[in-house]
Amino acid sequence: MGTEALIKALGPIGMARYLEEFDNGGFGDYTKEKYLRQIQIKISDVK
């Protein structure tokens, strides 16, 4: 049930990243850092 909640909240890749940090005695703020990994694309870049 716990992994299902993680998948629902984070998606499968996010869950894997979260578990990797947790299992390795990770550091930092996963929730904050996950948004830093996302690609920032401007509309003007697409046109």
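**Surface and helices of a predicted chain**

The chain exposes about 4500 Å², and carbon and sulfur atoms supply 59% of this area. Accessible areas come from the Shrake-Rupley method with a 1.4 Å probe; for residues, only the protein chains shown count as cover. The model is predicted: local features need pLDDT of at least 70, side-chain atom pairs count only at pLDDT 80 or more, and totals for chains, interfaces and linings use all residues. Residues are numbered from 1 along each chain as its sequence is written, and side-chain values use heavy atoms, without hydrogens and water.

The chain holds 3 helices and 0 strands. Helices (H or I, at least four residues) and strands (E, at least two) are DSSP runs, numbered from the N terminus. The order from that terminus is α-α-α. Mean pLDDT (the predictor's confidence in each residue, from 0 to 100) is 78 for the chain, and 79% of its residues reach 70 or more. Confidence is highest in helix 1, at 85, and lowest in helix 2 (residues 30-37), at a mean of 71.

Of the 47 residues, 9% are buried. Buried means under 20% relative accessible area, exposed over 50%, and partly exposed in between (1.4 Å probe, protein chains only). Glutamate 4 lies in helix 1 (residues 2-23). Its relative accessible area is 58%, so glutamate 4 is exposed. Its C-alpha atom is separated by 9.4 Å from that of methionine 15, 11 residues apart along the chain.

Tyrosine 18 also belongs to helix 1. Tyrosine 18 has a relative accessible area of 31% and is therefore partly exposed.
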